[in-house]
Structures are given as C-alpha cells and as structure tokens.
Amino acid sequence: MNTLRLLVIICFLSTLAGCQQEYSGDVGGASVQSDFDFGNYNAEGARLYGQQCAGCHGVEGNGTQIGKPLVACATCKNISSLAKEISLTMPIGQNTKVTDCDGQCANDVAEYIMYAFNGLSLYQATSSLKGVSTQPLTNTLRNATVQLVGRLPTDAEIAQVTNKGEAGFSSVMARAMNEDEFYVRLTEIFNDVFLTDKYLRVNQFNGALNLLDRDDYPNRNWYDTAYPDIEGEEAEQKAQDEINNDNRGCSNIFANDAVAREGLELINYIVRNNRPITELVTADYTMVNWYSQKVYDAVLTDPEASFTELNDENAPCEAYSSSYSSATLRYDPSDFKPAKIAGIPHAGILTSAMFLNRFPTTETNLNRHRSYMVYKMFLDTDILAIKGSRPGDSIDTTSTFPTLQNPDCYTCHLVMDPVASTFQHWDDRGRYKPNNLWPSSIEAAGLAGKVLTKSGGGSDFDAMLQWLGHEMAQDSRYIRAMTRHLYKGIIGQDLLSAPSNNADADVYADAVIAYNAQRGILANIGQTMVADNWNIKTAITALLLSPYYRANTIDTDKIKAANHIGSARLLSPEMLQRKLKATLGFDWYELRNNDVENRIMFGGIDSDSVIERIHNPSGLMVAMQERMAVEMACRATAFDFTKVRTSEINERRLFRFVSPDIEPYDADGIELLSNIEAIKENIQYLHNTLLSESLPLSHAEIDATYQLFLSTWQIGQAMAANPDSFSPRPSENMEYTCSARWDRENNDQGLDNALRITKDKNYVIRSWMAVMTYLLSDYRYIYE
Amino acid sequence: MKRRNFIQMLAATGMTASLPLTASKAHAAAPDHFLVMVNAGGGWDPTSLCDPKGNLSQYLSERPDARNEGSINSVAINTETKRNPVSGMTWSDTPRINNNDDTTARVDTQFQNFFTTYHDKLTVINGIDNGTNNHSSGNRATWSGNLEVGYPSLAALFAASKNPSLPMAYISNGGYDFTASLVSRARASSAGFIDRLADPNSDKYHYRNDDQSTDIYAQIRQAQAERLARQKINEALPLRRQQLNQLFTVRQEDNNLAQLSAEKTIIEAIVPTNDHMYNRDQNFKKQASLIAAAFKAGIAASANLSTGGFDTHGNHDNSQYQNLGDLLEGVAYLQEALTAAGIADKTTVVIGSDFGRTPYYNSGNGKDHWPVTSVMVMHPTNSGKGGNVFGASTDKFRAQMLNRTTGQPDEFGQLLTPAHINLALRKELGIHNDALTAGFPLNVDDFSIFS
C-alpha cells in the first residue's frame, strides 16, 4: 500500500459521520504484510463500509476502542441476521440517523462483512473445521496433561473425560491448572514473549539486581549486610561464618531470580487467582518473594500475609545446590505475593525494571523501541509492517522535525510516538523519573487518537503507564494479542499471516479460507475468555478443545490449505525433560537447568542472544535425541524392575505386566504363550504410555516392537550359550551404569542392597532396554 | 548409510521430496565451498573502521551541540600508515581509548594487523544504504537483502542450496538466522559434548562386539528406520507427515560428528585460542575453531558468527574501537583456523552489521543509529579477488548515487543497497541461478562489486 492510499484512508476515517474521533488509530489495514484482497465481496458494500463503519469497526473489521470486532460477531451468523442488526442499530454517532443504513444498504454492508471478515462459507465452523477430524478426547487429555502439567492423566481423570466428554475435560483441566507444574509451563510460554529470563542467575550473574539503581534501592544487596563474613578461628565463629556464607550466597541467587521473574510471576499470580489477564498491564502492584521484598523494601498489599517457610527436609538453599548445605534460610523462593514499592505507580509488567531494560531506550530513541514492543506484545500490531517508503536515503534534512512533518515518516510515528511518550517518566535504566523533561518535538502521550490528560484533578500525568495499561485493556487488539501468545504456546506455531495475492488463484483462495477460519475460531476463543472475566484458563481450555490442537486426520478433498493444522511439535528441552519425568520418573542429566549450552544445542533459548526456538531438528539435535534414548533406557529399565509388583501393589511405571524372569521361550525352545502375551501386553502399555498410541495387541506395530524384543533376547541366548566366541566376552552382569544401584527418582541415592539389580541372567532386562531405546527415540516421543 | 547410497535410494523411491527442501539436484559428497557470516551486532560504525572521514567538524553548523566540534571522527585520516596506496583502501586511525596507552596500542595493532595482512583478500564495500535504523529490519536487510520479513539469511540459503542434509548444515549461535524452513539450524557451541553424540551407543550400553558383527544398537536403528518409514506412509495429518519426512531425511545421513572434535583438536593445536587477545572474548574464537572444524569434517556448509557491543549510544570511542579491534582479531583468528584446516581457499567470509552510526557525536559522546553502512568480504585465498574498495559514501557519510560498474559516485547511477550486495554475493557463491534462490528474488540491477 503506498503512502497516498494510506493518507486517503486516514482522511476517510477522519470524515466519517459515524464517529467522534478523527483518527481511529486502527492500523489493521495498514499493518498487514501484503495487499490482502478479501475476495468475493460486495463492491457497494465495501464502499459503504469504508464510509460509515470502518472508523469504528476498523478497516479489517478487527474492531477499535469504539466499535466491536466484526469477525465471528454475535450477529454475524448469516447475511440476513447481520443486515437486520445493521438496519435497526447502525450507524451510531453524531449527525446520523439509525435509518441511515437500512434496506439495500444494510444488505450490501452485511454481505461485505460476511465475505470479507467471516469467510462466509466457513462461519459455521467457529469451533470445528470442515474436513478435520479430531483425536479421541482421552488422547487430547493425555497430550494436554503431559504438555502443560508434566504428568500423565490419572485413571479418575480419564474416566471423567470418557464419561462427560468436553465438560469433563474442562473440569479436569481447570483442576490441573491449579498445579505448580502448570505455572512452570506458563512461565515458559510468556518468557518466550517477554524474554526477561535473560536476567536469571543461570544466564547472567546478578543480571537482575544489577539493573536496579543503588540509590533508589539501597537494600539491593541486603544479604551482604544481613549475613556478613565472620572473622575468627574459634569453631563457633567458623561455623557461623559458614552459615552466613551459605545464607548470603543463596539469598543472592533467590533475590536476583525473584526480581528477574517479577513480570512472569505477575502472570502466574493473575492466572492462579483467576484474575483478569488485563492486570498484566494494569496491576497496581508487583510480585515479590521474601528475598526480593527486602531488595525493594516493598510493602505487601495484604498486611496480614506472610511468606511460607519450608521444613528442614525441604531446605530451599540445599535443594538449589548442595554447596549451600549450611544455610539456615527456609523461606520458600517460589512463594510470591503482591506488594507495592513506595513511589512507583505500578502498571503491571510495564513498570518492571526487567521489562524496561529488556526493551531499552536512549536519549535519541525516545522510547520508540518500547512503543514498538508494546504494540507487538499487547496490541497485536507490527509497526514495521505499516506500508510506506522512507524518504530517499532514509534521511530527511529538510524538515525540522521529520517525524512530525514528513508524511513518509509520520505514517508510522503517528502510531508509535504517542505510546512512546507515555514512557516519558521512565529513563533508559528503567528508573521512575517523574520530573523528566520531555521534548515537544514528539507526539503527546496517548493511544489510538486519544490524548492523555496532563493537568487537572483527573490527570494521568504522574501515572502515564497506568493510563496506557487501562487503555490497552479496553482495546480489542489486546484480546488478539493474548490469544496469539497462547496459540503459540499451546499449539506451537505462529498464527497464519494474511495471504498475499500473488499466488495461483486456487492456492490463494484456499489460503484465504484457512486464514479467515483461523481468525474466526481465535476471535471466538478470545470473546469466550473476555466473557469469563478475562480468565486465560478459559482460553487455554478452548485452544485445547479446538481443531488446531486436536486434529488427527485431514480430508484433503474438503480442506486444501492444511499444513498449519495440528499441534505436533518438536519438544523443547524443557518440555522433553518434563515428559521424561512424567513417564520415566526422572529427566536427562545433559539437559538439566544449569546446562544452558546443551539446551541451546537442543533448540532452546537463553532469552538473550538466542531468542528463537528451533522447530526443525538438525542432525546435531537428532543425535542428541538418540543419545538421550540410549542413556535414559539404560538408566530407567533395570531401575523400574526394582519397584514392587505384586497382585496387590504395582508401583512400576514401565513394566507393569512383566518381570525379569518372563521369557518368550523355555530352555527347550518351546514358546511360552502366556509369557508372550504378557510381554506384548506390556509393549502395548508402553506404546500407550510413552507414545500416546492405543493399539490392539494384534497390531503390526506391537508385533514389530515384539520382534525387536525377541531378536535382542535371542542374541542374548546365543551369547550365553557360547560366550567365548564373542569379544568382549558377554556376561550376566549388567553394564555398570545400566544396573539398578541408585534411586533415579531421588537424586541417585544408593538403593538398599536387597533392592538392587546388577545381573540379567536371561537377557530379559537388556531386551527391554532395547525396546525402551526404540520407543524413546520414536517420533511420537520427541514430538508431542 | 553413506550419502551417495542415500541419494540413490531416495531417487529410486521417489522420496527426494522428503528432503527438508525442494532441492532439484544431487549433492556432492562433501561441501566444496563454505560461507561464514560475521555479524557485528548492534550497528557498527564504518567511519571508525573502513570508511573514515576524519575530524573536520563536518556537522558543526548543522549540529552546533554535537560533541567533538561536530566532527564525524575524533581522529584525522592517516594516509601514511592507514591507507594502501594501490587500492586506496583506508582504515581508521585510533583515538586515545580509555586514556590508556596499552589499550590504545592494542587496538591500533589489531586494526593494522588485519588490514595489512588481509588486504589482498578483502573487498570493502562502502556507502550502502540499509534503509532503516531498526535493529531487526537492519539485520534482515544486511543478511538477506530484504527489509521485509520472510527471506532466509544468505548463509541459510547457501547451506540449503549446497548441502541441506548435512547434520549441521547451517550453524548459528545468534544473529539473523531465519531459514524459511529450507534447512535446519544447528546451535553448536560445545565440541566436547558433540563428541559423545557421534555414536549414541559409544558407552556400549547395548552390546556390540569388536568387529561389530553382533550389534544390538544397529538392530535398534534398523527397527527405528523401518517404523519411521511405516509412519510416513500411514500418517494422515500433513503437519506430522512433514515432520516425519524431515526426521527421516536427517536420520538417514551419516552424521560424521566424531570427526568434528578430532578436527577441532588439530586446528587448536596449530592456532590455540589463547594465543590472542589475552583471553578476552574467547567465545568468538571457540566458535570460530568449531566452525572451521565442522567445515573440515564435512558436516556443515555455512555459519553465523555473531558478536555484540556495537550499539554505542554513549561513550562511543572507548567502546566501539575496542569492540572493532576484538572483532578484527577474531576474524583474523577465523582465517587462521580455516588455513589450519586447509579450507581457507574455499571459504568466503562476509562481515557486516545492522546499519551504521551517526556521523556526529551526541551529548553523551555516543553515536546513534544511521542507515548508511559498509560490508567487508574476505574472499577465498588465491581466488584472485580482493584488495579492492567498491562504493563510497559522501564526505558527510551519506549514501549517494554510484556507478554500477565502477562503484564511483555518479549522478546517473543508483543507490547501493543490501539487495545489491546480496545479489552480488549470491553470484559470487554460485547460487544465484538455483531453484531455491528463485523463490527469494531480489529484483535489483547488478552492481559489479566483485568483478
């Protein structure tokens, strides 16, 4: 779109009779990345829409502060119901009569809206997609609990879903989203957006604390004073010195990481307490734990509240690292509470020093980068995608203030600079400076054509970001932004971009259908969330129930553009670790928390210079997966056999139907049918537990896995019969690492001798190890 | 399975489409050329490096408040020792840094060593108009030739065109590395761990005898491959089918990771990373030796090397020159590592940044974003190319019309943009006529940058 067309659109918007605002602020049409032709629309309806409706409802029908979105709107069921609504109620505003668009006008506009914004033929599919069949709900339950809560569903949960369908699923997930593991995943989802984990200790020493001004927060390093070095050679002095060292070191880490995570913990607090997600930008408090409360001298909003202390068995410092075993601190570092910092006009994450430093400014940038990120994160708008061309060699030396006077510049600056100005009291280090001078050569603080009131009793001058937060919370684009973030986190893909009209006509038409269908479903989900007091758990559940998450098969006759449908994705290092823990009881050493390099090699991020996850595995990543499968199979197989399995109690995670003496053939080579059945039952169980594959016993895949077990076992028998003909000489003894000497689920503490398994006389355990390696490297294990 | 057999198998079964890209030709057994993109993250200052303008108060009248009396640089151009008399290639002299003689001398040595040692391999391209002051857009423009979202980086395109199925075809630990799904990115920073990945069963958890005639792990791999083939056929969801295809392709390739560590050891024995920079910024050098080793081992075709610290909005001279010096020394190390690996005559190195910096100092003695920038290209040894400067910015560090053949100012010429640079590089690297590249056209005229 060229500048002239944009200026024309702006002029249209400013002369609309239906609105009081001159400029709607809606840049939907101007920020799409292509010249999106909405297709088979009613030309007269389009003209009338532009004249009477777009100013309030947006050029793309996505809504503005004044008018609701028209994608999957309540009366957008069909042309006639929409036309009726328009003729009875629209347009609204000065100098209009309600009857200004009735009869043919209403029909034309309704038809345009239905085709342009609602993919007319697919409107009905706001919760389902024609041509997409979904997996059984119990499979969806398993995927959801593994992904979001890091565990397999319980039998009771499976029964509830089996018996009560979607209602049962919603209830189960509502309870599951109260578990702590869910908030670990939620933190990851939103850190992928805000990237404030950059400042965690594991990524940067004191990364968060060093951002805070020592003058503003004199107790920034309170632990240095609280736990000083103790001089002296007396045993008691030395002991106290050791205690202080550990308390100091541990507090330093917990304080730093609490400050780094304050924005993400705000999200957790909002969600945990079913508060509206709009508080992400409007909360008049911040989140602290016991350690960071002291950093800020913050005051808890609930004066009666107190922080949780853990018992000695769960001493938090030692749990973090055994090198802090002398620490006496017991306050739970994961216990966050809302608090206020004196003199700070909190506005959710907007006023967090972590956010402000992660997206910094300079004297000449004047908060434009922050504005750009705010638009992207909270208003679903990419300012850089606004069409237009920069002047000449991008430098204007003729205008005094190019961003105000040059149309090639103010195309974007008109949108960006008012929001930039709302940050004027927050300096380049994220400090609150209400007396900061602000130049007049930049648009005044505001949003979407609304200017912030600076003077008078109701002024927002001292709390501009609070004003911004409240304005954004009422902007329909905020809904889209939140659903976009959740879609990415839950489904694992970006939303479709508006199709560009330069491909094959059929391909383009299919792409338009797919794009509009997705927008319809997402708009529906967004509205459902809003209707439930902006509770994002509602949106999450809706996404889990959507065809995008549950898709199982596609009828390619009915739906052409379908590569985006489905939620299978390569597991991130964090998700893989959780899945290993959920299925095997423990995770892989090489990807544990402090091994950032390995995690990055496995496609993870460090929230600093590596901020994009890898979704297509390289040979290196595949090699890591294969290594993981071998090592985890080695450590988990014999260990699982140490667990109790009787007719009354079965504590096994993996081998619930077999024991090390269940062989497929006896010494004379006779098939032991009941043993073979037990082996196959266990294989069936492993396919289900590890790979979410429900297969009958007679299935070819069960047989293929059994054949691997059998051939490994047969090799074992051949080696046992003639050990001297093999080099190295095989033995009954298991390889040291693969023997069951340690409790893998309990920090590798030594197992009692009576429980240990170090021999595998029949080669059965090692045959199961082969099966486990095979399954753990399967596509359905490393993708979810 | 060796690569040749693999390609034959794919062709026989019609499964060439299972490659992660729609390659239309068979691949060579090993890469015959390599590419490294070195990114100076944050927007470097070409006038402090390869396009100096001197301290002539050029902006005094327009910007009376600018520091250093409105000069573009705080040091004069030194034509005696900082210019090659044949090519005219000129590099910045060194201002006093941190009020410290040793630091100043160090940076001066770094600059001098680089430009004198590598002059004959270098094409310096000046006066490029990046068209943006935004980091994201600038990175995209420089490294893909396109300001808009959606174009793969040149290194990704190169790897995809040449050898997409290598286990680490495109190594990137940062910088602009969008691949448009043409090739997988590998983040590879730890060679020690990579060793153990070459053979997942290296600890012999599954029995394998000495002559490998009995190998349980090989049996497991066989079963895996057969299952993956069945899954590909039976999968009804297009998304999963695509993922299965990718996994199938990558798994079939010999990963040759064992070679990586061996090559890295050889390289670092010849050029130890500690030998330079007195242990400063070892990360860059470690990545450089790993990249050279990966190229030599035949498991990678291209790489991003990214280093930051160039976004000098304040205290420009003290920060920018030191970081530029370390960058040059790091790139010099890269060249030495490539030479030690015996592949310096097959490797092109491109050095660039998001954009440039203002031709005047702000009130904090820093420099802000500026859309005019430079790129330096280091050609393969003995290629006969280099020792050349193409393009020019004005005395006031603005872009100007340039003759497309000579690169000299020409009012009837065109502005030189990243699209032109990328087009020339695609030709230089032999990928401009590739089917893949056709999907990402640059739609600009040629500049004879490397002719």
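## Basis

In this predicted model, local features need pLDDT of at least 70 and side-chain atom pairs count only at pLDDT 80 or more, while totals for chains, interfaces and linings use all residues. Residues are numbered from 1 along each chain as its sequence is written, chains are lettered from A and ligands numbered from 1 in the order in which they are written, and side-chain values use heavy atoms, with hydrogens and water left out.

## Disulfides

A disulfide is a pair of cysteine sulfur atoms within 2.5 Å; the count over all chains is 3. Cys101(A) and Cys105(A) form one, with sulfur atoms 2.0 Å apart. The torsion about their S-S bond is about -95 degrees, so this disulfide is left-handed.

Cys634(A) and Cys738(A) form another, with sulfur atoms 2.2 Å apart. Their S-S torsion is about -110 degrees, so the link is left-handed. The pair joins distant parts of the chain, 104 residues apart, with Cys634(A) in helix H27 of chain A. Helices (H or I, at least four residues) and strands (E, at least two) are DSSP runs, numbered from the N terminus.

Contact means heavy atoms within 4.5 Å; Gln625(A) touches Leu247(B), among others. In H27(A), Gly619(A), Val622(A), Gln625(A) and Glu626(A) meet Leu247(B), Val250(B) and Arg251(B) of H7(B).

Note on methods
Lists of a residue's contacts leave out its neighbours within four places in sequence.
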